[in-house]
Amino acid sequence: MSSPKRPSITQGSMSDQQNRPLANFHPNVWGDIFLNPSITNIDAATQLQHQELKEKVRRMIPVDVDDELLQKWRLIDTIKRLGVSYHFEREIEEALHHVYEHDCKHDQTLEATSLRFRLLRESGFPVPCETFNKFKDDEGNFSKSLTSDVKGLLELYEAAHLRVHGEEILEEALAFTTTHLELAKAGGFLEFPLSALVSHALYQPIRKALPRLGARRFIGFYQDDASHDKTLLKFAELDFNLLQNSHKEELCKLSRKHITP
């Protein structure tokens, strides 16, 4: 039995295929913004200043974290939230490994315990959530005395967003801190920049923020903090601008490459 013949393609049908109109795609929503970005020429003096500031900040990162634990953990957290921790990954990893390996008996406050928990979990250390049981009363609820510690509540709130399935105590912590941070915010007694940090955390916790946008916003908060370190702030601002400039250059090159025939 002979197989059926395939229909031949006529010259007319080939012509129809060749003349088929192209899809009418919408124009690029970005336009030519990346073809002509406002790129700043970085001179040698600025590069040198950036390098010098980076080394100064590097020397600030604690190697021995046995003393003044909360201050040192705050520094590591600030470096991360300012978006410059990628320069000091080894130093931060070593400091946090030291924290994890040693039993920190002085981190008994809500703020210190929560900050330690979050920093370690963010870096992948297996920290048990049972560490927060010490803040519960005899009835198994978080102690009412914690409600006056807004900084501690804020840190516990951020730590609770690193919970995994089955960690009921962190689910309880999130509900507890959300309620009382909302009350503190509504009360209008929080001073700036703590009030701004609380408001923004309730809107978008650290865990759910885009790193670069979070860094830009936190630079503003840190600048308004009277206790900020001038060297660290200057380095963060300069590094943000240099990195942004580098990203603009990359986008410009990619955009030009895309439209080049």
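**Reading the packing**

Reply: Contact here means heavy atoms within 4.5 Å. Keep in mind that this is a predicted model, where local features need pLDDT of at least 70, side-chain atom pairs count only at pLDDT 80 or more, and totals for chains, interfaces and linings use all residues. Residues are numbered from 1 along each chain as its sequence is written, and side-chain values use heavy atoms, with hydrogens and water left out.

Me: Which residues touch the most other members of the largest nonpolar core?

Reply: A nonpolar core is a set of buried Ala, Val, Leu, Ile, Met, Phe, Trp, Tyr and Cys residues joined through side-chain atoms within 4.5 Å. Buried means under 20% relative accessible area, exposed over 50%, partly exposed in between (1.4 Å probe, protein chains only). In this core of 58 residues, they are Ile79, Leu82, Phe88, Phe132, Phe142 and Leu181.

Me: How many helices and strands does the chain have?

Reply: Helices (H or I, at least four residues) and strands (E, at least two) are DSSP runs, numbered from the N terminus. This chain has 10 helices and 0 strands.

Me: How do I read a pair of packed helices?

Reply: You describe them by the angle between their axes and the distance between the axes. Axes are lines fitted to C-alpha atoms, for helices over the stretch in contact, and angles run from 0 to 180 degrees between N-to-C directions. Helix 4 (residues 89-101) and helix 5 (residues 110-122) pack at about 120 degrees, with axes 10 Å apart. The contact is made by Leu96, Val99 and Tyr100 of helix 4 and Arg116, Leu119 and Leu120 of helix 5.

Me: At what angle do helix 3 and helix 4 cross?

Reply: Helix 3 (residues 69-81) and helix 4 cross at roughly 145 degrees, and their axes come within 12 Å. On the helix 3 side, the contact is made by Trp73, Ile76, Ile79 and Lys80, and on the helix 4 side by Ile92, Ala95, Leu96 and Val99.

Me: What about Lys54: buried or exposed?

Reply: Lys54, which lies in helix 2 (residues 44-60), is buried, with a relative accessible area of 14%. Not counting residues up to four places away in sequence, Lys54 touches His87, Phe88 and Phe235. Lys54 and Lys234 are 180 residues apart in sequence, yet 9.9 Å apart in space, C-alpha to C-alpha.
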